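Colleague: I would like a close look at one part of this model, with the cut-offs stated as you go. Please keep the answer in one piece.

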Amino acid sequence: MRQIPILSAQHLQLGYRNHLVTEDLSFELFEGELTCLMGPNGVGKSTLIKALIGSNPPIKGDLILNGKNMNEFSRKSLSRQMSVVLTDRITSGNMRVKDLVALGRLPFTGWWGHLGINDLMVIENVLQATHIEYIKDSRISEISDGQLQKTMIARALAQDGKIMVLDEPTAHLDLINRFEIMFLLKNLAKESYKAILVVTHDLEIALETADKLWIMSCNNPLTSGSPEELMISGKINELIPGEKWRINSNSGKIELKFPFQFPKIIAPDNLKTWIQSAIKKLHPLSLPPHMIIKATQQPFTIEIQEGPNNYGFSSLSEFKAYLKKNF
């Protein structure tokens, strides 16, 4: 039986006053799924997010939330359905982590902020779910960017809505924390059965974690599908406008479209991959088609065979220097 989306739209037009930003946006957001919204700068991702959170209604078309038109929801009732994590920096450095998380209960407590037993239980549960209970008494000024982002996610979770919208939550984080945050969101979608929408430019992590991708591109309808479906169909390349770049359908990495002819490489698969990567960075070198490259893992050796001539190297740096000098 087909799952019913918690949030959907058909042929939305979005913009500001007389300025149309994007149109023909149709989509469905489902509980239990992590969806990543991707696309080049300027295609209207931020405008779409503003429409979803009710701050800039569509010019044309309807957003349907839980079977009702979103414009039928009051601000308070909408905040109980949907929580948002934007890119705004927190300036209240003296606030404790648990107090920032507790702000997520405002739709239920009002501005007086009296926390009942149920509120305290929700806060404790989300501190544990986001793995930040150990810093709950720390000041915001004392924690790392990664811990702060987890705190913001915990605050959004404390609102206890069925939808979470996050605008580039990993933008200022290091590699490990980017993976930590995205896998945390993936697990929260599954375990808490929430519909989580993340705006991101990080293709590698999106391919690894997302259940669905929404791709926005200039002058095209929104494209939706699983990362695997979009890779197989080639629609993933809607992320890359122009003729210079493409997304490799095997690795999922962005690469130049120019045809590169590698010489024959005899090596274990992992070595072959990185030798090819090193050679590509030397473009536009033109290596002779009869060249053969051999490499071994332990100890690392790399050998070039050119007809009767053999050249051996003990590092990729030496190998690259030889190619640059001679080709």
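Is D119 buried or exposed, and what is its relative accessible area?

Modeller: D119 is buried, at a relative accessible area of 10%. Buried stands for under 20% relative accessible area, exposed for over 50%, and partly exposed for what lies in between, using a 1.4 Å probe and protein chains only. The model is predicted, so local features need pLDDT of at least 70 and side-chain atom pairs count only at pLDDT 80 or more, while totals for chains, interfaces and linings use all residues. Residues are numbered from 1 along each chain as its sequence is written, and side-chain values use heavy atoms, leaving out hydrogens and water.

Helix α5 covers residues 117–129, which makes 13 residues, and spans 18 Å from its first C-alpha to its last, close to the 18 Å expected at 1.5 Å a residue. That expected span is 1.5 Å times one less than the number of residues. The buried residues of α5 include D119, V122, I123, V126 and L127. They sit on the same side of α5, because they cover an arc of only 135° around the axis; the arc is taken from the directions from the helix axis to the C-beta atoms. An α-helix has 3.6 residues a turn, so residues three or four places apart point the same way. Among the elements covering the buried residues of α5 are α3 (97–102), α4 (106–109) and α6 (145–158), where contact means heavy atoms within 4.5 Å.

D119 also forms a salt bridge with R105, with the closest N and O atoms 2.9 Å apart. The pair ties together parts that are 14 residues apart in sequence, because D119 lies in helix α5 and R105 in the loop between α3 and α4. A salt bridge here is a side-chain nitrogen of Lys or Arg within 4 Å of a carboxyl oxygen of Asp or Glu, and by this rule the count comes to twelve. R105 is buried as well, at 3% relative accessibility.

Another of these pairs is R178 with D202, again with the closest N and O atoms 2.9 Å apart. It links distant parts of the chain, 24 residues apart: R178 is in helix α7 (residues 175–191) and D202 in the loop between β8 (195–199) and α8 (203–209). R178 is partly exposed at 21% relative accessibility, whereas D202 is buried at 15%. R246 and E255 also meet in a salt bridge, at 2.8 Å from N to O. Salt bridges that share partners join R246, E255 and K280 into one network. R246 is partly exposed at 37% relative accessibility, and E255 is buried at 14%.

H131 lies in the loop between α5 and α6 and is exposed, at 54% relative accessibility. N66 is another residue other than glycine with a positive phi, near 55°. N66 is in the loop between β4 and β5 and is partly exposed, with a relative accessible area of 43%.

Terms used: Helix = DSSP H or I, 4+ residues; strand = E, 2+ residues; numbered from the N terminus.
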